Amino acid sequence: MHFQLLFDNILAFTIGGLVFGSIYALVALGYTMVYGVLQLINFAHSEVFMYGTFAVAWTFVFVHGTDQVTWSLWRALPVLLLALLAAMLLSASIALLLERVAYRPLLNKNAPKLIALISAIGASFALSEAMGVRDLLSDLLPGMLVSVLIGFVIATVIVFVIATRQQAATAGEEPTGLVESARAVRSGPIVVVSIVLAYMICKTLGLLSPINESVGLREKLIDYVRKARDIYTNPVTIRPHRLFEIGGYRVSDVDIVVVASALLMMVALDLFVRRTKFGRGIRAVAQDPESAALMGVNSTRVIQVTFLVGGLMAGAAATLYMLRIGSTRQNSGFILGVKAFTAAVLGGIGNLRGALLGGLVLGVAESYGSALFGSKWQDVVAFVLLVLILLVRPSGLLGESLGKARA
Amino acid sequence: MASAADVMRRAGERWDDFVDRYNRQPWYLKAIFVLAMVFLAYALPLLRPPLITTNSIDFGGVMFGVAAYALVALGLNIVIGYAGLLDLGYIGFYAVGAYTTAVLTAYHGSWPFFLVLPVSIAVTMVTGVILGAPTLRVRGDYLAIVTLGFGEIIRITVTNVEWLGAAAGIKDIAHPNSIGPNPEGPFIDPSEKGIFQIPRVVWDGLVPHLDHEHPTSFLIFGSGDAIPYYWLLLTALILVFLGDRLIKSSRVGRAWEATREDEDAAELMGVPTFRFKLMAFALGAAIGGLSGSFYASGQSGYINPQSFLLLYSILFVAAVVVGGSGNRWGAILGGALVAYLPDRFRDINEYRYLIFGLALTLLAIWRPEGLLPPRRTRRRKAAEAEIEALEEGELDEEGSHA
């Protein structure tokens, strides 16, 4: 126990904790919103964040190249804004993809809650691993694309053949256009089978490897792919510039930007949920999905928007994370996701302001904990704090419910 | 894609039909079937049937892992499936069992394995009660994150505490006691070991041969052969399975189900829900500890904190839910699949977790109720389908009247 260390630098540890806490809080928003609307733990949200961090690093590689340099924050700002845009775009698309592939089929079936968790766990594995084997995948990608294209061509031909047959069979009843009757053909399995068939044909003909080699996608993308399982470092290191000093802690511009932009995003989101039409829809579905549907709220759209907003926030968090840490990896989402979810629960899951408070409290507690017991016990402190708070306040610091936010 | 889903749905119905047909058989036919399956399960690592056998790593070791996961899934099924408590930190109990065994047999003592086994079960059970008593009052998803935190706390503790071997882990953990002559030394003929030897089968295409070169010595727990460990674990699995059957059909099992379906209603009906939840938690923990104990004393006799990552907790939950939460056969099937699939596809090493993740998502969407759902769930689903059909039928009639 190093009380002396903590008390001598109490402000330093507080500010350090707040910086990390605001990143936790931004990621926690994604968990808390999905939980508020669907009562589901969106387990794959950590991967949404992870893809955002890669988008940031790739933007820097794209703009600057791969030489290791150190820039000041102001020098990096334009690229950083571009990276923020890229990260938000990529994270939001991953979040929407997730909703479409892993959640909506289950929600349509009215499946038990637990199975949606498993579906999300599977998606999380797949997303993280796809990033982890991107070097090998990029080798195979051109061949796959070609076989998918060939497969589509074959499928189109088959569908139209069936359509003409059907037209011939129903000739004289009602004249329909060829395109319409082609649309009526159930094309799903045909497409799947033809793609597989095309892939197998190309493979047996030995077409795939020449295509892959002649394109050489991995060589062209080598700066982005590198060794996929290693740590991927942003080529531009952003050097914090000391602005002023409080209690022995040198507050840097990076710290201020991280905390301020996190707070800004939170305020924007809070306004969005409280003041806009979509926000009202989100609150309505969170309160009572069935009544909301009866009142004309399109719940599928609301769920989509929820995932979209969560993805945007995760993208912003990813940018701030890269600004502060500077490197990422295919599994770096996981532990941060666990922390962020803890923060969401700490503040009261489903509660937006709770996520902010929970994130900040968690960040500061971790920072104090690592000062007192050493950094290896940091996570233990975080979880013990969580258990203690839940014992005293079983529904988090601010209580749950997204729906109860007043308009 | 809608019709691809149709094909999948039809495959699912065919599978349900198969299960139904099995369930309709008289009890003696079922008993014969189960005995045959048990015999097959024991013989599987010796039979090494083609397609199933893993070529790149020792099949006996894979089967040991499969049995360990099945046992864990069986224990977690009590917590998740029967009592409805989402436990994301089950690996913590597994670790407690493994570390109790390691510390008592190797690191700070030299107890024999079978003496340690009941101790480690008791220790994990107590751990379960200590963790459960404060946290089980917290509901639903909060419990998930609290248990997840507990699993992490255990892992970080064993990583950082020197007394528990720290990051380097603990080696030379005692194996189970061998039965039969077991001469030590470098040039021992395998035929001198054990009570008797069992040759294994080698397949040349589809033609089986007996391989007398690499026999398994019956009940010699050495470092060369994983199969005796597998047999021991399988025996434990069967015993736990039988115990599970008894407790599920007892008053306790019914109390669990009542608590899971509606806690308030159960409490009003006089079920002390907290006590029963705690009991499920402790019992599940004990089975996890048992499994961990076997794992620690396995073929390699070595554990380190890397064997107890949070990831495995999540895989355990996936095993229970994919198998069919609440059905012990389903839990075993799910545990076996989750352990087996990544090892089977080691040939495509780099892609195996990618494919595993996709398979998990597809499986969840294809059969939301799990591969082998409990009979109650299936009955409810059938009833719902019937009601829906009735309602639609009535609507159609009304439509025709109008």
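**Close-up views of a predicted two-chain model**

View 1. When its neighbours within four places in sequence are set aside, B:Tyr82 is in contact with B:Asn77, B:Lys248, B:Gly253, B:Trp256, B:Glu257, B:Arg260, B:Ala280 and B:Gly326. B:Thr147, in turn, stands 65 residues from B:Tyr82 along the chain, and the C-alpha atoms of these two residues are separated by 17 Å.

View 2. For chain B the secondary structure comes to 14 helices and two strands, whereas chain A has 18 helices and six strands. Of the 402 residues of chain B, 45% count as buried, and in chain A the corresponding figure is 44% of 407 residues. Among the contacts in chain B that join residues at least 6 apart in sequence, 75% are between residues at least 24 apart; in chain A, residues 24 or more positions apart account for 80% of the contacts with a separation of 6 or more. The C-alpha trace of chain A spans about 90 × 55 × 35 Å along its principal axes.

**View 3. The side of chain A that touches chain B.** Where the two chains meet, 39 residues of chain A are in contact with 38 residues of chain B. The elements of chain A that give two or more residues to this side are α4 (73–109), α5 (113–132), α8 (188–204), α16 (332–347) and α18 (378–392). Of the residues on this side, the largest share, eleven residues, comes from α5(A). Sorted by class, the side of chain A that touches chain B holds 30 nonpolar, four polar and five charged residues.

**View 4. B:Leu354 and its partners in chain A.** B:Leu354 is placed in helix α13 of chain B, which covers residues 352–366, and this residue counts as buried because it has 21 C-beta neighbours inside 10 Å. Apart from neighbours within four places in sequence, B:Leu354 is in contact with A:Ala126, A:Glu129, A:Ala130 and A:Val133. Within its own chain, B:Leu354 and B:Arg155 are 199 residues apart in sequence, and their C-alpha atoms are separated by 26 Å.

**View 5. Helix α3(A) beside helix α5(A).** The axis of α3(A), a helix of residues 45–64, comes within 9 Å of the axis of α5(A), and the two cross at roughly 20 degrees. This angle makes α3(A) roughly parallel to α5(A), because angles under 35 degrees are counted in that way. The crossing in which α3(A) passes α5(A) is left-handed. From α3(A), the residues A:Ser46, A:Glu47, A:Met50 and A:Phe54 meet A:Ser124, A:Leu127, A:Ser128 and A:Met131 of α5(A). By class, this contact has four nonpolar, three polar and one charged residues.

View 6. Helix α15(A), residues 299–324, has 26 residues and reaches 37 Å from its first C-alpha to its last, which is close to the 38 Å expected at 1.5 Å a residue. This helix is mostly covered, with 20 of its 26 residues buried, and α15(A) is followed by A:Gly326, whose phi is positive, near 90 degrees. The axis of α12(A), residues 253–275, comes within 10 Å of the axis of α15(A), and the two cross at roughly 175 degrees; the helices are therefore roughly antiparallel to each other. On the α12(A) side the contact is made by A:Val254, A:Val258, A:Ser261, A:Ala262, A:Met265 and A:Leu269, and on the α15(A) side by A:Val309, A:Met313, A:Ala316, A:Leu320, A:Leu323 and A:Arg324. These residues divide into ten nonpolar, one polar and one charged.

**View 7. Helix α16(A) and the glycine after it.** The 16 residues of α16(A) reach 23 Å from the first C-alpha to the last, close to the 22 Å expected at 1.5 Å a residue. α16(A) is mostly covered, since 15 of its 16 residues are buried. Just after this helix, A:Gly348 takes a positive phi of about 110 degrees.

Conventions:
Residues numbered from 1 in each chain as written. Chains lettered and ligands numbered in written order. Predicted model: local features only at pLDDT ≥ 70, side-chain atom pairs only at ≥ 80, totals over all residues. Helix = DSSP H or I, 4+ residues; strand = E, 2+ residues; numbered from the N terminus. Buried ≥ 20, exposed ≤ 12 C-beta atoms within 10 Å, placed from the backbone. Contact = placed C-beta atoms within 7 Å. Nonpolar A, V, L, I, M, F, W, Y, C, P; charged D, E, K, R; others polar. Axes fitted to C-alpha atoms, helices over the stretch in contact; angles between N-to-C directions. Parallel < 35°, antiparallel > 145°, perpendicular 65-115°, else oblique. Left-handed = near helix turned anticlockwise from the far one by under 90°. Expected span 1.5 Å × (residues − 1).
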